Amino acid sequence: MSSSSALSARGSGLALLVVGLCWLAVLFDGLDMFIYGSVLPHMLEEKALGITSAQAGDLGSYATFGMLVGALTAGTVADRIGRKKLMVSCVALFSLASGLCAVANGVAVFGLGRTLAGVGLGGLLPTAISMVSDYAPRGRAALTIGLLMTAHHAGGILSAYVALWIVEPLGWRAAFWVCVAPLLFVPVLARFLPESLSFLVARGRVEEARALAARYDAEVPAAKDRTGGAPWANLLGLFRGGEWIQTLLYWLASFGGLLLVYGVATWLPTLMRSEGYELGSALTFVVLFNLGGIVGMLVAGRASDRFGAPRISAVWFALTAGGVFLLSVHMPLALTFVVVFLTGVFLNSAQTMIYATVSIGSAPANRATAVGWTSGMGRFGAVFGPWLGGQLLAADKGDWGFTAFALAGAASMVFIGIAALRTARSAGRAGEPRQLVAAG
């Protein structure tokens with residue numbers, strides 16, 4: 001799967017429209033994802049719904065379990081019914097589920113709301129990545145995916161300010177009511193987001209694709225890949241020939257990466273408070289962590305387009321493991337701020353470059369399935385991460401949480417590094433340029 005099979009629709013107007021709408025959708029995704037971690041210290045302090053530290057870890061895992069279900073099913077569904085319909089449905093689902101959390105009268109109802117929100121959150125991200133990959137400027141696919149993912153961290157920053165400005169005067173429920181607001185974006189997304197041109201062509205809707213392309217002065221992709229046959233045909237395609245080894249390496253790397261991402265995202269404010277920092281400082285860590293994520297996405301995306309996404313991902317995971325481990329060491333506040341920022345730079349974009357690797361290297365008709373299942377299998381790590389943090393905190397071993405997350409980063413570095421070496425060897429045997437991922 002090379003760049004020759006990548007989508008060739010490059011109309012700048014269409015690309016801006018698609019990336020802009022997907023960016024807003026992922027912004028709301030990030031807000032909903034990070035809001036629980038941001039309000040969690042307040043909920044534990046006032047014993048909201050009677051939750052304990054161990055239960056709080058379980059509740060964090062409910063959302064990531066829902067994301068697992070959403071990611072595993074969304075890719076296959078998107079490749080069958082279309083990426084636009086699925087994105088609209090996912091935004092509606094996680095918005096309504098946040099409303100359920102806001103009115104919850106017990107842990108069970110709150111957990112159900114977080115699980116349903118997770119299904120929508122897990123389905124949206126791989127679908128949005130597949131969509132922007134379709135319309136990315138040639139040679140800038142990884143950078144475009146990185147740009148999209150800055151929205152996720154902008155949502156994380158927004159969640160910290162929601163917790164800071166709204167929770168204190170109005171209570172934790174108000175924060176989840178804020179997360180219902182993206183429901184107003186659903187009609188906008190349904191009206192203005194175009195369907196993927198590669199999906200339309202793969203489904204035989206060529207005239208519809210031509211009309212859309214003509215409206216935005218874009219190119220229609222060649223009808224090389226048809227999305228047909230059995231519902232699981234696209235998934236089975238990830239295991240044909242020698243592809244199964246590469247697929248498993250990506251899945252294992254994603255497992256460790258998402259364990260790290262969601263473990264840290266859920267527990268960072270609480271773990272830092274357990275280290276003796278005030279609530280305001282703990283929420284500042286969330287802001288710095290996500291600011292680092294925004295910077296990291298842009299830097300990693302540009303570097304990946306030049307040097308190869310798996311190579312950059314492996315280096316980033318190594319730097320992440322070091323940064324997370326340092327957080328277990330008590331340092332002066334200013335130095336801790338710097339470490340948190342740099343950890344955010346590398347941690348978040350390391351995982352995203354796994355998605356970029358899979359997305360860029362996949363055939364357009366199979367792209368959502370490949371990214372969705374890589375994300376979905378990684379969600380097992382995302383389920384385990386918050387649970388592990390809760391168990392360690394409940395056992396008064398918060399410092400070990402950072403060490404465990406650092407080990408997960410080191411493991412992902414190994415898996416994606418092996419994948420990068422295998423890709424380079426394959427390219428060398430085929431007589432191709434030694435480029436780890438064909439950009440664009």
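**Helix packing around H5**

Author: H4 and H5 cross in a right-handed sense, where a crossing counts as right-handed if the near helix is turned clockwise from the far one by less than a right angle, and as left-handed if anticlockwise. The model is a predicted one, in which local features need pLDDT of at least 70 and side-chain atom pairs count only at pLDDT 80 or more, while totals for chains, interfaces and linings use all residues. Residues are numbered from 1 along each chain as its sequence is written, and side-chain values use heavy atoms, with hydrogens and water left out.

Reader: Why are H4 and H5 called oblique to each other?

Author: Their axes, which are lines fitted to C-alpha atoms over the stretch in contact, with angles from 0 to 180 degrees between N-to-C directions, come within 9 Å and cross at roughly 140°. Angles under 35 degrees count as roughly parallel, over 145 as roughly antiparallel, 65 to 115 as roughly perpendicular and the rest as oblique, and H4 and H5 are therefore oblique.

Reader: Which residues of H4 and H5 meet?

Author: With contact meaning heavy atoms within 4.5 Å, Leu125, Ala128, Ile129, Val132 and Ser133 of H4 meet Thr144, Ile145, Leu148 and Met149 of H5. By class, this contact of H4 with H5 has 7 nonpolar, 2 polar and no charged residues.

Reader: What makes H3 roughly antiparallel to H4?

Author: The axes of helix H3 (residues 83-103) and helix H4 (residues 107-135) come within 8 Å and cross at roughly 155°, and that angle makes H3 roughly antiparallel to H4. H3 passes H4 in a left-handed crossing, and the residues of their contact divide into 19 nonpolar, 5 polar and 4 charged.

Reader: What makes H5 oblique to H14?

Author: The axes of H5 and helix H14 (residues 333-361) come within 10 Å and cross at roughly 135°, which makes H5 oblique to H14. The crossing of H5 and H14 is right-handed.

Note on methods
Helices (H or I, at least four residues) and strands (E, at least two) are DSSP runs, numbered from the N terminus. Ala, Val, Leu, Ile, Met, Phe, Trp, Tyr, Cys and Pro count as nonpolar, Asp, Glu, Lys and Arg as charged, and the others, Gly among them, as polar.
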